[in-house]
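Dear colleague,

Please find below the structure that I am handing over to you, followed by an account of what was found in it. I would be grateful if you read the two side by side.

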Amino acid sequence: MISKKKLITTVLATICVTSTLSLMMPIGSLLNNGGYDPWIDTNDDGIINYQDLGNLASRFGAFGAPINKTDLILELQETIESLNDTVVELQSAMESLLSHNETYSTALIDISGYPALNWQNMSETSVEITLTANSTLLIMFSAQARVSGTGRRMIVRATVDANQANTNPVEVILTESDEWESHSYTFYSPNVAAGTHTINMQWKLWDELSTGQVKERTLTVMALPT
Ligand SMILES: [Ca+2]
């Protein structure tokens with residue numbers, strides 16, 4: 001609580017300040033025609049009262065470089081608008097750099113016998129993607145799959161432009177079950193150069209006595225600029 005002595009001092013100081021200011025400017029401009037003026041509410045408590053007058057009185061006679069508050073507000077608005085423009089430009093640049101493509105198939109396909117011991121392209125499981133910058137690829141693959149026979153192990157990998165992709169993992173066991181199951185894996189392929197690339201899923205079997213099948217499958221490739 002403010003003391004009575006301090007209050008009296010403040011009021012007297014205020015009268016002095018007000019009298020002096022009234023000689024310098026119309027009192028109406030200081031009081032904003034009697035309405036609340038946030039520029040005068042020096043302690044930002046939502047009310048113009050003796051605390052604001054005290055703050056003013058305590059600095060009476062001080063010198064400094066004046067600021068034009070209207071210019072200051074306009075400058076801040078221009079800065080905000082400039083920042084907003086920058087954000088929009090960055091969003092647009094990111095959208096142009098980010099690219100993706102996906103494919104989907106429900107066709108039932110199978111592999112078996114000796115050819116299945118070597119990597120084969122999985123049909124209808126290939127996408128083309130154009131990178132505007134060197135990127136990291138996220139290769140997301142899912143499939144309903146089953147494998148029958150003695151070995152019962154189906155393996156998949158991703159290739160970029162028909163080459164073994166530098167992925168992590170390099171290859172995975174898609175399934176060892178002779179029942180239809182759904183599986184999904186995400187391969188991570190860093191440092192893929194800008195340009196157009198073809199990403200393909202390949203598959204093979206553990207032994208020539210098995211038969212592998214896939215049906216509903218998806219392949220989604222996302223590029224993150226590096
Ligand atoms: Ca106040």
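**Findings**

Asn191 lies in strand S8. Although this residue is not a glycine, Asn191 has a positive phi of about 55°. Asn191 counts as exposed because 10 C-beta neighbours fall inside 10 Å. Please bear in mind that the model is a predicted one.

A second residue deserves mention beside it. Glu124 belongs to strand S3 and, while not a glycine, also has a positive phi of about 55°. Glu124 has 15 C-beta neighbours inside 10 Å and therefore counts as partly exposed.

As to the overall layout, the chain contains four helices and 10 strands. Read from the N terminus, the order of elements is α-α-α-α-β-β-β-β-β-β-β-β-β-β. The chain has 226 residues, of which 19% count as buried. Among contacts in the chain with a separation of 6 or more, 79% are between residues 24 or more positions apart.

The largest nonpolar core has 27 residues, and the members that touch the most others are Ile139, Ile199, Met201 and Trp203. At least two residues of this core come from each of strand S3 (120-131), S4, strand S5 (154-160), strand S8 (181-192), strand S9 (195-205) and strand S10 (211-225). The most is given by S4, which supplies six residues. As general background, nonpolar side chains in soluble globular proteins tend to be buried together.

For Ile199, leaving out residues up to four places away in sequence, the residues touched are Ser126, Val127, Ile129, Leu137, Ile139, Ala158, Val160 and Val221. One of these, Ile139, is itself listed with Ile199 among the core members that touch the most others.

Phe141 is found in strand S4, which spans residues 135-148. Is Phe141 buried or exposed? Phe141 counts as buried, because 23 C-beta neighbours lie inside 10 Å and the cut-off for a buried residue is 20 or more. Apart from neighbours within four places in sequence, Phe141 is in contact with Val156, Ser184, Tyr185, Met201 and Leu219. Thr186 is 45 residues away from Phe141 along the chain, yet 6.2 Å separates their C-alpha atoms.

Six of the seven residues of S5 are buried, so that the strand is mostly covered. Which strands does S5 pair with, and in what sense?

- With S9, S5 pairs in the antiparallel sense over seven bridges; here Ile155 stands opposite Lys204.
- With strand S7 (residues 171-175), S5 runs antiparallel and is joined by four bridges; Arg157 has Glu171 as its bridge partner in S7.
- With strand S6 (residues 163-164), S5 pairs in the antiparallel sense over two bridges; Thr159 has Gln164 as its bridge partner in S6.

S5 and S6 form a hairpin with two residues between the strands, and in this hairpin Asp161 takes a positive phi near 55°.

With kind regards

Methods. Residues numbered from 1 in each chain as written. Predicted model: local features only at pLDDT ≥ 70, side-chain atom pairs only at ≥ 80, totals over all residues. Buried ≥ 20, exposed ≤ 12 C-beta atoms within 10 Å, placed from the backbone. Contact = placed C-beta atoms within 7 Å. Core = buried A, V, L, I, M, F, W, Y, C linked by C-beta atoms within 7 Å. Pairing = 2+ DSSP bridges.
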